[in-house]
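Notebook open, structure loaded. I want to look through a few local features and jot down what turns up.

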Amino acid sequence: MKMSIVLEVALMSLIPLISVLIALILGQRYGEYSIKKSPELQQSAVGSVVGAVFGLLAFILAFTFQIAVSHYDSRKSKLLEEVTNIRTTYLRAGLIDEPICSGTKKLLVEYVDQRVELTRDFSKLGPVLSRSQQILDTLWSYAEILAERDRSSEVYALYISSVNDLVDNYNQRVTVVLEYRIPVTVFYVLYVILFFSMFVLGYQFGISGKGSFKINVLMALIFAAVMFLITALDRPETGLVKINQKPLFTLQDQLHDKQAP
């Protein structure tokens, strides 16, 4: 794992943990100060505020988690679509005359090998993307040759459609995996609400005299774990929450078996 990813993983864990812990301690200290200064302070009013604030926190947490899960589901869906498109293109290539037939099959095998290599070593992203784009460009050049040869051929149309779907899937997958992220503004709002929610809870602990450092640490760990999961789901490059790549591995084995003499 590269140093930048290690640092990112550490921040994913430490920032929520420290933020919640600091907010609880500050709130508790302020609550203890307030109850000493104003012993008649009503705890019921504070409890109502805590309930309202935590309701808002639960809403924004659910909203953010839903975005992260949606991105995860999109990546899984694009993987299955890609496997299907590659297999279809490979089969339809068998309907085309040589040398396009064998050329297409050879390129598709390499294309799958590139994808499998990326799942094992994300640091090779740049070279894999570059080579994948070259392969798709070559396949599209085959499609252009066939279109010029006979635009009325249904067999050629099937091949061209498969290549087009493969190119579209590639562009969509790259966008979903590398570009789609939870907006930074959402994280800012979430952290602000989280901090003040924990501050208000700590304030309630302080005026009630029921707070303790163990409870503070437990609360910090719980919310840190939730934030860690959200961030891990949203950032596949960390490799912490992986999509099952078995369909791609199975496809690789199948294509290599077909290519074997």
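Predicted model: local features only at pLDDT ≥ 70, side-chain atom pairs only at ≥ 80, totals over all residues.

I started with Phe195, which comes out partly exposed at a relative accessible area of 27%.

Next I looked at rings. I get a count of five aromatic pairs. One of them is Phe195 with Phe196, an edge-to-face pair with centres 5.6 Å apart and 85 degrees between the planes. I put it down as edge-to-face because the angle is over 60 degrees and the centres lie within 6.5 Å. I also found a cluster linked by ring pairs, made up of Tyr30, Tyr33, Phe199 and Tyr203.

Then charges over rings. Arg120 sits over the face of Phe249, 5.5 Å from the ring centre.

I noted a cis bond between Glu98 and Pro99, with omega about 5 degrees. Where is Pro99? I traced Pro99 to the loop between α2 (43–93) and α3 (100–120).

Last entry: helix α4, residues 125–149. I checked its length: 25 residues at 1.5 Å a residue should span 36 Å, and the end C-alpha atoms are 36 Å apart, so the two agree. Which residues of α4 are buried? My list reads Leu125, Val128, Ser132, Ile135, Leu136, Leu139, Tyr142, Ala143, Leu146 and Ala147. I then asked what covers the buried residues of α4. The cover includes α3 and also α5 (154–179).

Definitions and conventions
Residues numbered from 1 in each chain as written. Heavy atoms only, no water. Phe/Tyr/Trp six-rings, centres within 6.5 Å; stacked < 30°, edge-to-face > 60°. Buried < 20%, exposed > 50% of the residue type's maximum accessible area, 1.4 Å probe, protein only. Lys NZ or Arg CZ within 6 Å of the ring centre and 35° of its normal. Helix = DSSP H or I, 4+ residues; strand = E, 2+ residues; numbered from the N terminus. Expected span 1.5 Å × (residues − 1). Contact = heavy atoms within 4.5 Å.
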